[in-house]
Amino acid sequence: MAFFDCIRKLFWGEKDDVASPEDLAREEELRERVRERCALFRRLLTANKTALEIMSDIEAHLAGERPFGMDYVDAAATRIAASVLQMVRSLNALSRDRYASLRDAFDRILMHMDALRGAVPSAEDGAPRILPLPEIRLSDMPEVGGKMANLGEIRANVGLPVPDGFAVTVNAYRHFMEFGGLTEEIARMIQATDLGSIEDVLILSQSLQRLVIRAPLPPDLEEAITGAIDDLKVRCGEDVRLALRSSAVGEDALDASFAGQYRSELNVCPDEACEVWKEIVASKYSVSAMTYRYQRGIPDDAAPMSVGVLAMVKARAGGVAYSRNPVQMEGREDCVVINAVPGLPQGVVDGGIMPDVYTCSRVNPPAMLEKVVAPDNPSLSEEEALRLARIAVALEEYYAEPQDVEWAVDKAGHVTILQSRPLRQTYNSQTDAPETPSLPSLDEASVLARGGISVSPGVGIGRVYILNKEADMLSFPEGGVMVIKHANPRWAALLPHAAGLISETGGTAGHLASVAREYRVPALFGIASACSLLEGCGDVTVDVGRRLVLAGRQENLLPKGPEKPVSLMLESPVHRRLKALAELITPLHLLDPESSDFAPEQCTTLHDITRFCHEKAVGLMFFDGGVGGERFGKQLKAGAKMQYWIVNMGGGFQHPVSGSVVDISNIASLPMLALWDGMTAVPWMGPPACGTAGFMSVVMESAMNPELESTAPSSMAERNFFIIDARYMILQARYGYHFCTVECQAGEDSGANLVSFQFKGGAADRERRVLRARMLADLLEGHGFRVDVREDALFAVADGLSAREILQKTALIGYLLIHSRQSDMIMKERASAAAFRQKLADDMATIANRTLSFMKKL
């Protein structure tokens, strides 16, 4: 215990006199105080490491590249608040409450975070539970959802016929959920489920739908629904049949179509309406609906359910009219596309029937451009199709955006509008699409199928997987090509995992086609006998533009330009909530420790608090005086004095150190020696040579990013510190613009052994920093580390190994600490980056295969 030998010499000198009982008691008291302070400091560093990991994870989620739910938002906010509070407590324990006002800053930030998280809305007394359609306008969307609000608006202000009926409101839905005690129970069950797992969602879906259907209907709500139906009977006749249609808030809004995700029931007997209403509410928890909301960042409480109860239309034909072409891949944007089937539109939207397709011009009066119809019995006359084209264009003009219009035509030729919602086109113009390579000459044997309907553009490559039943979802491979008989919306749950989609039936107007376009999954419909043709074909290439399915992986057909990534989470309700919370978490304003503004009162984010705690704790431990007036930290000397300070918790030094400097030859901590061996194994020749672009990225990032912090302003510039004992080490270091933490335990118990490495930052632009983190991750994975990369932050760990193996891996980390500095500048220069990576790999292979000089101590 070299540190305590020093303390003894400070108080009793070099003589070997026997200490008095009072002296021994005082020595033990000092020893205990040192242990306590080291434990507090280590606890603060651990909390700091956790907080920085959570911040990096939040930044990665905000990039929008992977889905997450409100459960993640709440958990991340709770975890980082707990970590920062631990830092505040540890700092005040170290400083004897010198920074008590820091708790006030923390409480103030936490209060703002709690306000952002909000409360789940509840049913309102006095708010309507039934709204007749004649009273509904677009402004009623929060109470009746987009479908019913648009029908009311069209009836009142556009003058087009719509069915008679009423809406069972969101307030009624909340009343039902609260009456049956469902709100809290459903939230708890969703919170406990991994919504990214199809298997877990299947189990949850069955439980939640059963829970809703079995729940009692409040008597007053049942009376209100029954009374409204009785009024409808008076207007439409006793033999009226009903269509109950979901009209959830957020459906056709939130920049998400929700196409086919919720249930609708047709030809419902009035006596069964209340039970069917519950079934439609329960459909909110179908597999496809829950997966869709999760992928689109829409929390459960942001999509409450309203239901439209409408008189059935006796339709001779029905379908969907797009006021513009939804698939912009053939240069025909300026046209109306009508899909029609005999009878109700259900056959079009559910993808079970091949529809007749009419393409009309948008001029007034419109002209028929093309029609692909059944030769014997077309669904519509040309006159009816042109009338529908005029209606679609008129609705676009009213809403000032392209429309997706569901309609029905009765035997007398009268048109009834069943729905109108915003049309989401695949591309706004041809220039948005990446350049498509020309088709090379193909052996006819490589063409597995041709023709069909292009419903979602692109080229997809993956392994064929035939889907027949819902259970098949469980074994669908990531990046596979879905092949189905019918384009049913239930398969939408797999689209986030699919490289392509092929269906034997369906068209562009189907719900599954709409969702495929949202996810930008290349999709071909109308491929006859696709399931039998492609069974057992292995990897295939789906080329939608050329309407071909080709054998094998035709990589040369992929677009030449970079495709825009699908960022369905961006600006979703969940994403906006996390973004707002992140403004109170991740920005760093306290940059200069020498400034008078570097104070608790100026901390406006949790990152500010972590920065303040870390800076002050290091000062207290290393530079501000310690027990008995002795500073805890010893400055390291390795030939010359280095910018490293060391706290020895016991056994870390070979001999007592009475001064303020410790020589590297006196270090006994095996983890520190292993790290140092790697740091010095290969002389660092300076940063790799970079081009003008790399250099300017550093200049621009330094000038434009106010949160980019180097060590220059600090009185502790380039000061890095170790806490060590014989078999343990933690290093916190700052090299220029990047930060790292290394922790190592190398004892006799292999189960407790580990080496972990946390790395973040750099001075170049974000893309270069991310590329460097991925390069380091790849190198470390090659040496047995488990690695996670989040944006420009890297987290690597190896554990459960013998002390010898852990120390060998620690040396590899030491090498990367030194030799990865400033390498972010060259990451976009392919040749330079590849050569640099190869040098790192070669050096690491050499270090991994040699015996460390101090291994004999094991």
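## Two crossing helices

Let's start with H5 and H13, which are roughly perpendicular to each other, because an angle of 65 to 115 degrees gets that label (under 35 counts as roughly parallel, over 145 as roughly antiparallel, and the rest as oblique). Helix H5 covers residues 141–158, helix H13 covers residues 382–399, and they pack at about 95° with their axes 12 Å apart. On the H5 side, the contact is made by Asn150, Glu153, Ile154, Asn157 and Val158, and on the H13 side by Leu395, Tyr398 and Tyr399. Sorted by class, that contact has 5 nonpolar, 2 polar and 1 charged residues. Here nonpolar covers Ala, Val, Leu, Ile, Met, Phe, Trp, Tyr, Cys and Pro, charged covers Asp, Glu, Lys and Arg, and polar covers the others, Gly among them.

## Ground rules

This is a predicted model, where local features need pLDDT of at least 70, side-chain atom pairs count only at pLDDT 80 or more, and totals for chains, interfaces and linings use all residues. Residues are numbered from 1 along each chain as its sequence is written, and side-chain values use heavy atoms, with hydrogens and water left out.

Helices (H or I, at least four residues) and strands (E, at least two) are DSSP runs, numbered from the N terminus. Contact means heavy atoms within 4.5 Å. Axes are lines fitted to C-alpha atoms, for helices over the stretch in contact, and angles run from 0 to 180 degrees between N-to-C directions.

S13 pairs with S17 (residues 523–525) in the antiparallel sense over 3 bridges, and Ile453 stands opposite Phe525 in S17.

## One buried face, one buried histidine

In helix H7 (residues 182–191), Leu182, Ile186, Met189 and Ile190 are buried. Buried means under 20% relative accessible area, exposed means over 50%, and partly exposed is in between (1.4 Å probe, protein chains only). Down the axis of H7, the buried residues fall within an arc of 100°, so they line one face of the helix; the arc is that of the directions from the helix axis to the C-beta atoms. Those residues pack against H6 (170–179) and H8 (198–214).

Now find His614 in helix H17 (residues 606–623). His614 is buried, at 12% relative accessible area. His614 and Met87 are 527 residues apart in sequence, yet 8.1 Å apart in space, C-alpha to C-alpha.

Most residues other than glycine have a negative phi, and most peptide bonds are trans. Asp97, in the loop between H3 (70–95) and H4 (101–117), has a positive phi of about 65° although it is not a glycine. Ala400, in the loop between H13 and S10 (403–410), has a phi near 60°. Asp97 is exposed at 53%, and Ala400 is exposed at 67%.

The peptide bond from Asn364 to Pro365 is cis, with omega near 0°. Pro365 lies in the loop between S8 (356–361) and S9 (368–372).

How values were computed:
Pairing = 2+ DSSP bridges.
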